[in-house]
Amino acid sequence: MSGILEGRVAIVTGAGGGLGAAHAKVFASEGCAVIVNDINTDAAQAVVDDIVAAGGRAEVNSSDITHYDDSLNAIKQAIDGFGGLHIVLNNAGINRDRMFASMTEAEWDAIMSVHLKGHFCMSSHAVHYWRGQAKEGNTVDARIINTTSGAGLQGSIGQSNYAAAKAGIAALTLNQAAELGRYGITANAIAPSARTGMTTAVPEMAERMKKPDDGSFDHFAPENVSNLLAWLASPAAANVSGRVFEAEGGRICICDGWRTTDGVDRGAAWAPAEIGEAMEELLAKESPAQKVWGT
């Protein structure tokens, strides 16, 4: 198979189903050799079987992305099995939804472990490999692609743990881009909107995102997101880094993120009683933030 990823090797985490499976299949269809990482080995094997049947190259990896030492095995497998590594696509995630007042420590910790620590573990090992390659004088053209969410960018009612983790991933992406460019590594993030097991678990979302019966454009097909990521993973995207994208259907957007406004400045210290008037002026001239999901 040939395409814009021919000759490249990727690890896709959480690739046994949903968006991860779509990412793995699209990458493989563009010529990429794919390590299909998932703790559900049967699901991962089904994805690998589909890729191989279509003429692509893929292998199952069951490394625990939340375990630092075990996650290294995915990087080793890519190098030993396919001769190198060019792309880490951090996709794996879970939900433990609950209103903040009722959330347990275990529910908080589980989300932070899979999302934030999972992104750290796999990326850390890959960066050590790529930095070593750069120090040996080899050309590095590597990609970290992280998965954030609209929940992390605007907040989401009933998902304070998930939103906090996804916001952390967006910030992590900015740091990675700023620090790792010197080694030939780009870092970008995606906030996807697509039909997956997580999104269709909510009945109203399942109805809104269902596949059309008339053969028209499948707006919420996961592959719509995967196509953008395939381009970001390609050599053509070597100059794109430190960006957070939103993708839904045929629409691609850049998320602007936090920006410091002009503000109000009196050139001297404010007395506490004076700040109310200044705050009225400040809020009146600034654009309101996007609404929190669910409000």
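In which sense do β5 and β6 pair, and over how many bridges? In this predicted model, in which local features need pLDDT of at least 70, side-chain atom pairs count only at pLDDT 80 or more, and totals for chains, interfaces and linings use all residues, the two strands pair in the parallel sense over 6 bridges, pairing being assigned if DSSP finds at least two bridges between two strands. Residues are numbered from 1 along each chain as its sequence is written, and side-chain values use heavy atoms, with hydrogens and water left out.

Helices (H or I, at least four residues) and strands (E, at least two) are DSSP runs, numbered from the N terminus.

Helix α6 (residues 160-180) comprises 21 residues and reaches 30 Å from its first C-alpha to its last, close to the 30 Å expected at 1.5 Å a residue, the expected span being 1.5 Å times one less than the number of residues. Its buried residues, among them Tyr162, Ile169 and Leu180, pack against α4, β5, α5, β6 and β7, where contact means heavy atoms within 4.5 Å.

Conventions
Buried means under 20% relative accessible area, exposed over 50%, partly exposed in between (1.4 Å probe, protein chains only).
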